[in-house]
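Biologist: Could you show me the model, so that we can go through a few of its features together?

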Amino acid sequence: MTVQEPIPQADTATRSTAIDIKGLRKSYTGPEGAQTVLDNLDLHVGVGEIVAILGVSGTGKSTLLNILGGIDRADGGKIQVNGESIDSLNTDELTHYRAKSVGFIFQFYNLISGLTAFENVLTALQAFRRTNAKDEKWCREVLKSVGLAEKADKFPGQLSGGEQQRVAIARALVKSSPLVLADEPTGNLDPRTARRVMELLTDQIRESRASMVMVTHDRNMTRYTDRAYEVRDGRLVELQN
């Protein structure tokens, strides 16, 4: 795929629901008192859909991602992910939800420096079960799918930034999670590498029929998504292409 080619969009005609958020509210208390970052926010994401969330720093876009990932809790509202009401889950249930149902991709990769690329990917499966030879074979297949078969036994410090981000993508995809959350996945990459990583990531997401919510500050990245929103005054405003 070249940069000039149109990005294929997911078919929205018969898509079922992956994420359904209604009336989401979240506030934080700081030195200046309570600050509302999400205010009666609604969001619907279909199965197989890729959605981007934009906004300046402090508008609540990463907070929204953390709530979807079960890392943070909302103050109010309803949140369903693939039919599961995660707003009512207790701490242990949220831990299980994160391990089984969500793949995370971060701007700074969050790889473990003392583990190889293969071992970093394997940790995603070790989080919720004892791994075996079949799992190890699957991890190597996923690394191959992101073009890193020959780098599987390299440590993060021996990889370029783009290669490290591809390891992070493999780690997010290896669980075959129905939901992938990406927080500034290209923010630490040069423009050319960012485009290549986004092409790879969106291809993999669409092939696996997962859904992805991506936070980004770069509006150019919205060309890889089905829809894009901006956080304004605690709510989402859909952006037009």
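Modeller: This is a predicted model, and one place to begin is the pair α5 and α6, whose crossing is right-handed.

Biologist: How are α5 and α6 oriented to each other?

Modeller: Helix α5, residues 161-173, packs against helix α6, residues 191-208, with the axes 10 Å apart and at an angle of about 15 degrees. Angles under 35 degrees count as roughly parallel, and α5 and α6 are therefore roughly parallel.

Biologist: Of the residues in the contact of α5 with α6, how many are charged?

Modeller: On α5 the contact is made by G162, Q165, R166, I169 and L173, and on α6 by T193, V197, L200, L201, Q204 and I205. By class these residues divide into six nonpolar and four polar, and the number charged is one.

Biologist: Which hand does the crossing of α3 and α5 have?

Modeller: The axes of helix α3, residues 117-126, and α5 come within 8 Å and cross at roughly 30 degrees, so the two helices are roughly parallel to each other. As for the hand, the crossing of α3 and α5 is right-handed.

Biologist: Turning to T225, is this residue buried or exposed?

Modeller: T225 is placed in the loop between β8 (211-215) and β9 (227-232). A polar atom of the T225 side chain lies 2.8 Å from the backbone oxygen of T222, and a polar atom of that side chain lies 3.2 Å from the backbone oxygen of R227. Buried means under 20% relative accessible area, and because the value for T225 is 4%, this residue is buried.

How values were computed: Residues numbered from 1 in each chain as written. Predicted model: local features only at pLDDT ≥ 70, side-chain atom pairs only at ≥ 80, totals over all residues. Heavy atoms only, no water. Helix = DSSP H or I, 4+ residues; strand = E, 2+ residues; numbered from the N terminus. Buried < 20%, exposed > 50% of the residue type's maximum accessible area, 1.4 Å probe, protein only. Polar contact = N/O pair within 3.5 Å; in protein donor to acceptor, adjacent residues only side chain to side chain. Axes fitted to C-alpha atoms, helices over the stretch in contact; angles between N-to-C directions. Parallel < 35°, antiparallel > 145°, perpendicular 65-115°, else oblique. Left-handed = near helix turned anticlockwise from the far one by under 90°. Contact = heavy atoms within 4.5 Å. Nonpolar A, V, L, I, M, F, W, Y, C, P; charged D, E, K, R; others polar.
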